[in-house]
Number of protein chains: 2
Amino acid sequence: MPDAAYLALDWGTTNRRVYALAADGTLLHRAQDDRGVLAVPAGGYPAEIAAIRAAHGDLPILAAGMIGSTRGWHDVPYVAAPADSAALASGAVQAGQGVTILPGISRCDESRADVMRGEEVQVFGAIAAGLAPADALFCQPGTHNKWIVAEAGTITDFTTAMTGELFALLKAHGILAGMLDGPVADGPAFRDGLARGQAGDLTAALFEIRASVLLGTRAAEDAASFASGILIGADAAARRDLAGRTVHLLGRGALATLYAAAIGEAGARTITIDSETAFLAGIHTLREQLQ
Amino acid sequence: MPDAAYLALDWGTTNRRVYALAADGTLLHRAQDDRGVLAVPAGGYPAEIAAIRAAHGDLPILAAGMIGSTRGWHDVPYVAAPADSAALASGAVQAGQGVTILPGISRCDESRADVMRGEEVQVFGAIAAGLAPADALFCQPGTHNKWIVAEAGTITDFTTAMTGELFALLKAHGILAGMLDGPVADGPAFRDGLARGQAGDLTAALFEIRASVLLGTRAAEDAASFASGILIGADAAARRDLAGRTVHLLGRGALATLYAAAIGEAGARTITIDSETAFLAGIHTLREQLQ
């Protein structure tokens with residue numbers, strides 16, 4: 001087993017993943033905890049870094065994600081799209097103590113403003129590892145789903161949809177709270193939701209969840225799947241450019257399955273790429289460009 | 001001044017309004033408090049009714065709104081649309097102690113399920129008082145905005161949109177919390193939001209609020225108006241049938257002004273009808289049909 005050469009951190013809002021990697025990018029070990037940036041007090045990062053090194057080795061660190069945001073350790077300015085992996089690497093900042101923090105990517109013109117931090121690493125990694133072509137449309141489900149367009153290995157455009165966050169808000173608060181606690185799975189209720197979500201009247205479709213249960217036209221235990229289908233169906237339908245295309249789905253688990261169903265209903269085929277594999281390939285590529 | 005003949009209650013989820021009316025419908029006095037159905041414990045209604053009579057007179061009571069729901073005193077079954085005021089009156093239930101509770105209206109077919117409780121009284125009242133024609137499209141802004149279609153004085157269809165609730169959820173929780181505390185007013189940011197909301201990608205438009213402030217393309221103090229515009233613009237645009245029409249807006253105050261702007265951008269003209277005037281006219285009509 002080779003020696004670890006550096007530590008890669010995927011440091012998000014609520015979770016943190018630590019990877020020890022060999023110089024050639026081989027994964028040696030991983031760890032995950034809930035010390036996302038929201039859990040770290042102001043001024044707490046040097047102690048967090050010291051604890052990570054005590055556990056995983058006194059090594060150089062390359063970090064991506066919300067650690068580089070206004071809510072993280074250092075606010076690393078966004079690199080403007082179009083951006084390739086070299087452009088991203090050129091925006092990295094030394095946070096001190098041998099820690100390098102990668103920037104995110106912004107896109108901003110008269111039509112629209114959008115930002116991301118961390119997701120771009122997976123896109124560059126998927127392309128570098130040959131898991132996706134250099135021209136591809138990616139979908140990255142999560143609290144904030146990202147649709148990312150790559151052309152010749154460069155990220156040229158992307159769109160963030162608050163789909164997962166809206167589901168969480170509706171489940172926890174407001175008039176649908178208590179109705180969405182059941183399991184979410186691909187099935188007839190989810191597919192009904194996908195169709196309903198495509199109609200373009202999302203705020204009305206969401207109220208229909210309550211009305212249909214009150215009137216007995218939908219079983220209460222199907223409400224969560226119906227709601228998830230409405231939200232994910234609206235997200236996919238809003239693109240209007242999926243028919244006949246291939247979407248590279250960066251994810252794993254149940255949420256990737258649900259998005260694959262929605263994308264399929266919109267007329268595209270999906271190729272699922274494991275998001276951790278893509279992240280590690282991306283970090284390795286970016287580290288080589290930083291050296 | 002004539003004697004009071006009965007008390008009308010507009011008993012909603014969070015607020016309660018009490019009106020003392022003469023036999024001819026003349027308003028003698030009003031009161032409002034926050035004893036909505038969520039504030040009344042199980043079994044607490046007889047005491048509430050007694051307190052209302054102690055304050056406003058020992059009179060027959062006619063009540064509308066969420067008091068007739070599963071969360072209220074008696075679950076009064078919905079009357080199915082199409083329904084006129086006589087049909088609504090025929091579904092009223094005696095809750096005991098001289099209290100009559102009106103039902104709500106449901107609509108349910110293979111395409112869609114929807115329900116309302118209380119809003120229909122305003123529609124019947126606006127028509128009965130000659131404030132709106134018997135064939136009209138109504139809009140009733142609120143936590144749950146209602147679009148209501150009347151034909152020959154009969155409610156034939158309606159749509160509920162969770163527009164106001166979504167704004168409240170986003171303001172109080174999640175990643176936009178803290179960004180939407182500024183004033184909401186009709187102005188350039190609100191109008192930008194209306195245009196953005198019409199694009200049919202609501203969950204992406206909502207994330208753009210955050211991105212545009214982060215990237216400095218929108219002033220932080222304009223975020224709340226922009227967000228309100230996105231949500232109300234999406235609500236109005238979802239109808240797709242407004243161009244060239246007249247919308248009768250049942251409301252008052254700032255929210256009615258915002259919806260009038262959105263409806264105007266969608267190509268319709270608005271006639272605003274005071275919602276309390278409409279409610280009282282509706283209650284009077286329904287009482288006459290109950291006698």
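**Note on the predicted two-chain model**

1. With 10 C-beta neighbours inside 10 Å, A:Arg240 counts as exposed, and the model in which this count was made is a predicted one. A:Arg240 is placed in the loop between α7 and β13 (246–251) of chain A, and its phi is near 65°, a positive value in a residue other than glycine. Most residues other than glycine have a negative phi. A reader checking backbone geometry may wish to look at A:Arg240 with its phi near 65° in view.

2. B:Ala152 sits in the loop between β11 (145–151) and β12 of chain B, and B:Ala152 counts as exposed because 11 C-beta neighbours lie inside 10 Å, where 12 or fewer is the criterion.

3. The peptide bonds call for a comment of their own, since most peptide bonds are trans. In chain A the bond from A:Ala81 to A:Pro82 is cis, with omega near 0°, and A:Pro82 belongs to the loop between β5 (79–80) and α2 (85–90) of that chain. In chain B a cis peptide bond joins B:Ala81 and B:Pro82, with omega about 0°, and B:Pro82 is found in the loop between β5 (79–80) and α2 (85–90) of chain B.

4. Is A:Leu231 buried or exposed? A:Leu231 is buried, because 29 other C-beta atoms lie within 10 Å, against a threshold of 20 or more. This residue is part of helix α7 (residues 223–237) of chain A, and, when residues up to four places away in sequence are not counted, A:Leu231 touches A:Thr163, A:Leu166, A:Phe167 and A:Gly197. As a distance for orientation, the C-alpha atoms of A:Leu231 and A:Pro77 are separated by 31 Å, the two residues being 154 residues apart along the chain.

5. Strand β10 (residues 136–140) of chain A is largely enclosed by the rest of the structure, because five of its five residues are buried. Both faces of β10(A) are covered, with A:Ala136, A:Phe138 and A:Gln140 buried on one side and A:Leu137 and A:Cys139 buried on the other.

6. The pairing of β10(A) involves two strands that can be described in turn. With strand β11 (residues 145–151) of chain A, β10(A) pairs in the antiparallel sense over five bridges; β10(A) and β11(A) form a hairpin with four residues between them, and the bridge partner of A:Gln140 in β11(A) is A:Lys146. With β13(A), by contrast, β10(A) runs parallel, and three bridges join them; here A:Phe138 stands opposite A:His248 in β13(A).

7. The largest nonpolar core has 204 residues, of which A:Ala63, A:Ile263, B:Ala63 and B:Ile263 touch the most other members. For A:Ala63, leaving aside neighbours within four places in sequence, the contacts are A:Leu9, A:Trp11, A:Val99, A:Ile101 and A:Leu102.

8. Chain A is divided into domain 1 (6–117) and domain 2 (131–278), and the centres of these domains, taken over C-alpha atoms, are separated by 27 Å. Eight residues of domain 1 of chain A are in contact with nine residues of domain 2 of chain A. On the side of domain 1 of chain A that touches domain 2 of chain A, β8 (105–108) and β9 (113–116) of chain A each supply at least two residues, and the residues of that side divide into five nonpolar, no polar and three charged.

9. How many residues of chain B are in contact with chain A? There are 34 in chain B, and they are in contact with 34 residues of chain A. The elements of chain B that each supply at least two residues to the side touching chain A are β8 (105–108), β9 (113–116), β12 (154–161), α4 (163–172), α6 (202–214) and α7 (223–237). The largest share of this side of chain B, nine residues, comes from α6(B), and by class the side of chain B that touches chain A has 17 nonpolar, eleven polar and six charged residues.

Terms used
Residues are numbered from 1 along each chain as its sequence is written. Chains are lettered from A and ligands numbered from 1 in the order in which they are written. This is a predicted model: local features need pLDDT of at least 70, side-chain atom pairs count only at pLDDT 80 or more; totals for chains, interfaces and linings use all residues. Two residues are in contact if their C-beta atoms, placed from the backbone, lie within 7 Å. A nonpolar core is a set of buried Ala, Val, Leu, Ile, Met, Phe, Trp, Tyr and Cys residues joined through C-beta atoms within 7 Å. Domain bounds come from an automatic or database domain assignment. Ala, Val, Leu, Ile, Met, Phe, Trp, Tyr, Cys and Pro count as nonpolar, Asp, Glu, Lys and Arg as charged, and the others, Gly among them, as polar. Two strands pair if DSSP finds at least two bridges between them.
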